[in-house]
Amino acid sequence: MGNKNSCCAYSSPQSDRKSKDIPPVYEERHHIHQHTSQHHLGDGGVHTSSTAAIHHSAEMVNMSQTLQHISEREATEGEEDPSVDPTAATMFLERSKVENGGITRKRSQHQIAQQNSTGGLKKSSSCSTIYLDDSTVSQPNLKNTVKCVSLAIYYHIKNRQFDRRLDIFDEKLHPLTHDPVPDDYDSHNPEHRQIYKFVRTLFNAAQLTAECAIITLVYLERLLTYADLDVGPCNWKRMVLGAILLASKVWDDQAVWNVDYCQILKDITVEDMNELERQFLELLQFNINVPSSVYAKYYFDLRTLAEANELSFPTEPLSKERAQKLEAMSRVMQDKVTAEALKNGIKKWSSMDNISQGGPRRSVAILS
């Protein structure tokens, strides 16, 4: 997936998944192999082992035909995966509620001057002026979305319950730079600004979209759920890098190759990127499907997180040009809905504006 040095050219690591996560087909195949080997050890047991193997192989084929697609599998009872279930609460929003208040952040001179000039009043829409932001669920604002995703990662690290880790994500074992990693690298939590700088650098250099940032957060929480891991100071960079790498290939039409990330992170090798991508996929159980309902849930929860931490999206007065564009878009949608309704035999009632198109309409007056 990405360049001539395919990720399939290297050996896969030993998986430490629980036995309950092993697919039934794999368990059946493993049982057949053991059963056949045991019968071949004895004299005259070849026919018996072959018969047993054929019998179990037929059961395995029938079982594989009834397996659902990975995007159609439902979570077991008592298991809620926010990256799959649109009704489950997102992990980052729940962890942000652990402490009262949010991050402390210095205000800019522009914000201070704006507050002093308005007397501390918040801008509100009125009949004469309407304020809105340029971020929607279909076209989020890139800068603010990256800030919100970085803030979600910050709360994941700060309010983690355990320090469960995996070697592939350990920055001490797989450094991203040639600079020596401090001995206490796993004891100091990164600040929000540090996380934002790392994510922003990758998104700006690879020219990724805001939608890719939301998918990155979905994959990160899916990794934590599937692999029983925690984001910590020692592994957050490589976990975020793996999520961005996978999200950019799944979401963007022109995916960024692994070798391109090596141009951004000068000291990392293509082999390391391939290994990171392969293990990330294996830990996700190759489930890279993101329903639209889950995507919308993460978008609105990110906006909720931003408002709770005074990281609101900037608003601008509605200009005449943008109002005309919104009106044109609404008319196109209205015509589409009307045409669909008429096609289905649903009668559309005309409003007074449509009735009076032929000139003023006068009603018959009854005088008594």
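Predicted model: local features only at pLDDT ≥ 70, side-chain atom pairs only at ≥ 80, totals over all residues.
Trainee: How do you know that the reach of α12 is close to the expected one?

Mentor: Helix α12, residues 320-343, has 24 residues and spans 35 Å from its first C-alpha to its last, which is set against the 34 Å expected at 1.5 Å a residue.

Trainee: Why are α7 and α8 called oblique to each other?

Mentor: Helix α7 (residues 210-227) and helix α8 (residues 236-251) pack at an angle of about 125 degrees, with their axes 8 Å apart. Because 65 to 115 degrees counts as roughly perpendicular and over 145 as roughly antiparallel, the pair is therefore oblique, and the crossing of α7 and α8 is right-handed.

Trainee: Which residues make that contact, and into what classes do they divide?

Mentor: Among them are Ile 215, Tyr 219 and Leu 223 of α7, together with Val 240, Ala 243 and Ala 247 of α8, and the residues of this contact divide into 14 nonpolar, two polar and one charged.

Trainee: What makes α5 roughly perpendicular to α11?

Mentor: Helix α5 (residues 142-158) and helix α11 (residues 292-308) pack at about 80 degrees, with their axes 9 Å apart; because angles of 65 to 115 degrees count as roughly perpendicular, that description applies to α5 and α11. Their contact is made by Cys 148, Val 149, Leu 151, Ala 152 and Tyr 155 of α5 and by Leu 302, Leu 305 and Ala 306 of α11, residues that divide into eight nonpolar, no polar and no charged.

Notes:
Residues numbered from 1 in each chain as written. Heavy atoms only, no water. Axes fitted to C-alpha atoms, helices over the stretch in contact; angles between N-to-C directions. Helix = DSSP H or I, 4+ residues; strand = E, 2+ residues; numbered from the N terminus. Parallel < 35°, antiparallel > 145°, perpendicular 65-115°, else oblique. Left-handed = near helix turned anticlockwise from the far one by under 90°. Contact = heavy atoms within 4.5 Å. Nonpolar A, V, L, I, M, F, W, Y, C, P; charged D, E, K, R; others polar. Expected span 1.5 Å × (residues − 1).
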